[in-house]
Amino acid sequence: QLQLVESGGGLVQPGGSLRLSCTVSGFTLPYYAIGWFRQAPGKEREGVSCISSSGDSTNYADSVKGRFTISRDNAKNTVYLQMNSLKPEDTALYYCAVRHGPYCSDYVRSWGQGTQVTVSS
């Protein structure tokens, strides 16, 4: 059974850092691109970052460029999102999702349940 489990969220002060993890099971991670998304209260879900199956290609929303870094460790079946210089507007429920193929342009196949990130003093 395909499963994605996010972890690493929490409460952090502005300017702080968090590292989110997305651990997958039920499919062969090296074959698929993985994306991170977020949804803030009252807003639509938005794409934050994505990494191709090989790890050679990554992309980021303009709002997080230079602050967030996506990476993957296929041996650990895990994709990470390192978030630095966090801002209150980064507060959201963060989801990871597996794409249907190796590219970030492939459609989303399945979602995790999400992990809450709250940036507040």
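# Exercises on strands, loops and rings

Over five bridges, β4 and β5 pair in the antiparallel sense. Strands pair if DSSP finds at least two bridges between them. A strand is a DSSP run of E with at least two residues, numbered from the N terminus.

The model is predicted: local features need pLDDT of at least 70, side-chain atom pairs count only at pLDDT 80 or more, and totals for chains, interfaces and linings use all residues. Residues are numbered from 1 along each chain as its sequence is written, and side-chain values use heavy atoms, with hydrogens and water left out.

Task: Find what lies between β4 and β5, and which residues stand opposite Phe-37 in β5 and β9.

Solution: 
- Start with the link. β4 and β5 form a hairpin, with six residues between them. Gly-42 in its turn has a positive phi of about 80°.
- Look towards β5. There, Gly-47 stands opposite Phe-37.
- Now turn to β9. β4 pairs with β9 in the antiparallel sense, over six bridges. Tyr-95 is the bridge partner of Phe-37 in β9.
- Finish with cover. Of the six residues in β4 (residues 34-39), five are buried. Buried means under 20% relative accessible area, exposed means over 50%, and partly exposed lies in between (1.4 Å probe, protein chains only).

Task: Give the strand order of the open sheet, and say which strands stand at its edges.

Solution: 
- Read the order. The four strands run β1-β3-β8-β7, with antiparallel pairing.
- Pick out the edges. β1 (3-7) and β7 (68-73) each have a single partner strand, so one side of each has no neighbour in the sheet.
- Check one pair. Six bridges join β7 to β8 (residues 78-83), again in the antiparallel sense. Tyr-80 in β8 stands opposite Ser-71.
- Recall a general point. Side chains in a regular strand alternate between the two faces of the sheet.

## Exercise C: Asn-74 and Ser-53

Task: State where Asn-74 lies and which residues it touches.

Solution: 
- Asn-74 sits in the loop between β7 and β8. Its relative accessible area is 27%, so it is partly exposed.
- List the contacts (heavy atoms within 4.5 Å). Beyond four places in sequence, Asn-74 touches Leu-29, Pro-30 and Ser-53.
- The side chains of Asn-74 and Arg-72 are joined at 2.9 Å. A polar contact is a pair of N or O atoms within 3.5 Å; within protein, one must be able to donate a hydrogen and the other to accept it, and residues adjacent in sequence count only if both atoms are side-chain atoms.
- Follow Ser-53. Ser-53 lies in the loop between β5 (46-51) and β6 (58-60). Its relative accessibility is 13%, so it counts as buried. Outside four places in sequence, its contacts include Tyr-31, Tyr-32 and Pro-102.

## Exercise D: rings and a charge

Task: How many aromatic pairs are there, and which geometry does Phe-27 with Tyr-32 have?

Solution: 
- Count. There are three aromatic pairs. Rings of Phe, Tyr and Trp (its six-membered ring) pair if their centres lie within 6.5 Å; planes under 30 degrees apart count as stacked, over 60 as edge-to-face and the rest as tilted.
- Classify. Phe-27 and Tyr-32 are edge-to-face, at 5.6 Å centre to centre and 80° between the planes. Phe-27 is buried at 12%, and Tyr-32 is buried at 17%.
- Take another pair. The ring centres of Tyr-95 and Trp-111 are 6.3 Å apart and the planes lie at 85°, so this pair is edge-to-face. Tyr-95 is in β9 (residues 92-99) and Trp-111 in β10 (residues 108-111), so the pair ties together parts 16 residues apart in sequence.
- Widen the view. Phe-37, Tyr-95 and Trp-111 are linked into a cluster by ring pairs.
- The charged end of Arg-45 sits over the ring of Tyr-95, 4.7 Å from its centre. That end also sits over the ring of Trp-111, 3.8 Å from the centre. The rule is that NZ of Lys or CZ of Arg is within 6 Å of the ring centre and within 35 degrees of the ring normal.

## Exercise E: positive phi

Task: Where do Asn-77 and Ser-85 lie?

Solution: 
- Recall the background. Most residues other than glycine have a negative phi.
- Take Asn-77. Its phi is positive, about 55°, although it is not a glycine. Asn-77 lies in the loop between β7 and β8.
- Take Ser-85. Its phi is positive too, about 50°, and it is not a glycine. Ser-85 lies in the loop between β8 and β9.
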